[in-house]
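User: I have a new structure to look at and would like a walk through some of its features. Could you start with the charged side chains?

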Amino acid sequence: MKQFNVTGMSCAACSARVEKAVSGVEGVTSCSVSLLTNSMGVEGTASESDIIRAVEKAGYGASIKGAANEKKAASGAPSWADAEALKDRETPKLKRRLLFSVPILLVLMYFSMGHGMWGWPAPKAFDNHVFLGLFELLLAAAVMIINGKFFTSGFTALFRGAPNMDTLVALGSTASFVYSLAELFLMILAQGRMEHETVMKYGMNLYFESAAMIPTLITVGKMLEAMSKGRTTDALKGLMRLAPKTAVLLRGGVETEVGIEEVAAGDIFIVRPGEQIPVDGVIIKGSTAVNESALTGESIPADKAEGDAVSAATMNQQGCIECRATRVGEDTTLAQIIKTVSDAAATKAPLARIADKVSGIFVPAVIGIAVLTVVGWLIAGRPFSFAIARGISVLVISCPCALGLATPVAIMVGSGVGARNGILYKTAAAQEGAGRTEIVALDKTGTVTEGSPKVTDVLPFGTDEKTLLRLAASLEKNSEHPLAGAVTAAAEGLSLEETTDFAALPGSGLSARLGGKALIGGSKRYLSSLGLVSKEVAETADRLSEEGKTPLLFALDGALIGLIAVADTIKADSAEAIRELGGMGIRTVMLTGDNERTAKAISLEAGVDRVVAGVLPDGKAEVIRSLKALGKVAMVGDGINDAPALTVADNGVAIGAGTDVAIDAADIVVMKSRLSDVTAAIRLSRATIRNIHQNLFWAFFYNAVCIPLAMGLYGVEMKPMYGAAAMALSSFCVCMNALRLNLVKPHDAKHDRRAKPVSEEALDGIVSAGSPKEEAPSETVIRRTIRIEGMMCGHCEAAVKAALEALPGVENAEADHVSGRAAVILSAPVADEALKAAVEAEDYTVLSIE
């Protein structure tokens, strides 16, 4: 997406005109203009010069976003983190205008209202109505000149055939001034004829104070609006302020401080305690604790050691570390977060399209209503002064800005709250869409579960847990199998013993000698073949297998000493997060390539509504397509194999610790690998949608009530200055309401509202349709069942599956370590020798092929 700064916009009608002009440029596929940030995002093949020319032709200014920042590299600030584009330049200008306007207006109000109507003291000359009128004319003209931007912008837009809010202000103020000027001339003529009663009558119809009050009050409203709009981008500006300015590089053994722009990938940099990490990198020396709250919202420091990744803008709190730079400049995590939040602000939510359509015709409609109001009252026999006052009131009370700001201010504040909590919405549509989610599809490995095996049960026989773990780890430390790593990790802190004569029995287990005694570990089948497993132990092992765990048995000197169960455990917050999703009326479906037994065990523990097991990446995408027939679907995943499903879903959510492919394919990224952040993203999105609805209701309600009120339909004779005051406050109210989103606590489930969930029957029909089904026999489908010895866990199953599916002609393979079999579907003949060789290349034994 190309981004541009746009100048000269004053209301929603302006942004709608710019968007229409750019959308008409050849090669532009989409265009969205943000009145909030005065920016524009354009997609397509159109050249930047053509886009800028189209904006200028529409009467506004445009420049490439960030172009000016490239010249600022020498200052040390990275160009992508320059906050100048978000700097509030309007508020100081508006304050200066008010500084000159308000004193003049107060003097004008004193003499026109205080002295003229309520008899407040004044010099004798002001008793002359003509003199008072001339004095008011001069003061009103001065205020109008000070606030001349309304008039130059408004009339320019009117003459171009694209009236905007400034046009309404300019017409209202000018009408008041011109009408009062005409009355003043009539007063002068009457005074020349010595018609004092006529002079007094015309004197009561002067609206010079309204001509001055209208632009002044609108300027007050604009200033309040600009200040509140500035606060909506505080989160983004806060992220930009985090960008480090310098780094300490290690060059030839010498430490050198350089500007952040000079750091290149592969450079070695040093970070001492209390310093910011300058760029993304990997620790090559030292260990520390890093506060990553700036990026993830997590206040507890994360322990880091050699080989661990660190991110720019996080704070090193303890040790001195040496790191190798891996991602610098615009590629760092911080830069990507800033870009994501900025891009989201430059896009439009679907709800904004409603306001855009209305804003495009709003100003011309208001001008038409004002003209009809004047004509209508004249036909009704009311004086011209009454009719013109009603027409002016209609012009100045109408507010298209409230409509135009209703959605973008809420989106910007919501994006900021999300960024502070480690939740990144890539587009405004994604932020809105997340709140409409009805079904959440979850990848199992790495999303619901930790993604790596851990010890879950330690059952000693005739010894204690520590002794069992110590002996088992002393044996397993010599193995590279993932299950061995889990056992060794569980024994951390225990004193392990040295073994001799270590041997790995492919697919069966391990053996070694410890102090002259035989130490054996392996599957139930292997130790049963040695006659070491009793019926009770076998039943315990079978029960653990049914729970999706892998039981490992250990024996010392011919006697069973215990059983250790290993499994890919669910994350600490997964069950609670899934329960919260259910509380919001959202159905959950878990998708996994694992066998059905393991998948069901995990689904029961996590509490998901449905599970689809044994699905390939393309199969996950097909399930998502089927679920979309029931409602809005969000897919949550972390791996390359999840990318197709993330793309197909209404909203793809990538877990932050996932692969770059998954993150690129997703619409929403959660920086922490916690499922509870997914519920937080949906909760925050729902709050944002509610806020947008409130803003739109207020904007439509305000105009629907106030325009008839200004027309005098309710029997109220509203003065134009009161209409201007109401208009000034309307946009301010919208912005302040959006700022209430800063009070939202995304992880607090207390105020969740349960939406109507998708029916169980409909979900059953889709999920069963998406589950793996037996293929109908055909000439091109060939089945093989391979009996395999040595598979002990889900990792073994995955290794066999991958090896078989790598063969040409193998369409699908499913392995099961409990039954010791692999079911293979062939789309073309494959020799049994090739199947056997593929399996045995992974160190398993093929017993037979049927």
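Analyst: A network of salt bridges links Asp457, Arg543, Glu547 and Lys549. A salt bridge here is a side-chain nitrogen of Lys or Arg within 4 Å of a carboxyl oxygen of Asp or Glu. This is a predicted model, where local features need pLDDT of at least 70 and side-chain atom pairs count only at pLDDT 80 or more, while totals for chains, interfaces and linings use all residues. Residues are numbered from 1 along each chain as its sequence is written, and side-chain values use heavy atoms, with hydrogens and water left out.

User: How far apart are lysine 549 and glutamate 547 in their salt bridge?

Analyst: Their closest N and O atoms are 3.3 Å apart.

User: Is lysine 549 buried or exposed?

Analyst: Lysine 549 is buried, at a relative accessible area of 17%. Glutamate 547 is partly exposed, at 34%. Buried means under 20% relative accessible area, exposed means over 50%, and partly exposed is in between (1.4 Å probe, protein chains only).

User: How many salt bridges does the count come to?

Analyst: The count is 28.

User: Which residue does glutamate 717 form a salt bridge with?

Analyst: Glutamate 717 pairs with arginine 382, and the closest N and O atoms are 3.7 Å apart. This pair links distant parts of the chain, 335 residues apart. Glutamate 717 sits in the loop between helix H26 (676–711) and helix H27 (720–739), and arginine 382 in the loop between helix H12 (350–379) and helix H13 (384–397). Helices (H or I, at least four residues) and strands (E, at least two) are DSSP runs, numbered from the N terminus.

User: And how accessible are glutamate 717 and arginine 382?

Analyst: Glutamate 717 counts as exposed because its relative accessibility is 51%. Arginine 382 has 33%, so arginine 382 counts as partly exposed.

User: What about lysine 124 and aspartate 127?

Analyst: Their side chains meet in a salt bridge at 3.9 Å, N to O. Lysine 124 is exposed at 71% relative accessibility, and aspartate 127 is partly exposed at 43%.

User: Switching topic: which residues form the nonpolar patch on the surface?

Analyst: They are Phe697, Phe701, Val705, Leu713, Tyr714 and Val716, with about 590 Å² of accessible area together. Patches are made of residues with over 30% relative accessible area and no salt bridge; like charges are joined within 9 Å, and nonpolar side chains (Val, Leu, Ile, Met, Phe, Trp, Tyr) within 5 Å. Accessible areas come from the Shrake-Rupley method with a 1.4 Å probe, and for residues only the protein chains shown count as cover.

User: Where is phenylalanine 697 found?

Analyst: Phenylalanine 697 belongs to helix H26, and at 57% relative accessibility it counts as exposed.

User: OK, and serine 393: what does its side chain reach?

Analyst: The side chain of serine 393 reaches the backbone oxygen of alanine 389 at 2.9 Å. Serine 393 lies in helix H13 and is buried, at 0% relative accessibility.

User: Last topic, the backbone. What is phi of alanine 313 near?

Analyst: Phi there is near 80 degrees, a positive value in a residue other than glycine. Most residues other than glycine have a negative phi. Alanine 313 is in the loop between strand E11 (309–310) and strand E12 (315–316), and is buried at 5% relative accessible area.

User: And aspartate 501, what is its phi near?

Analyst: Aspartate 501 has a phi near 55 degrees, also positive in a residue other than glycine. Aspartate 501 is found in strand E17 (residues 500–505) and is exposed, with a relative accessible area of 56%.

Note on methods. A polar contact is a pair of N or O atoms within 3.5 Å; within protein, one must be able to donate a hydrogen and the other to accept it, and residues adjacent in sequence count only if both atoms are side-chain atoms.
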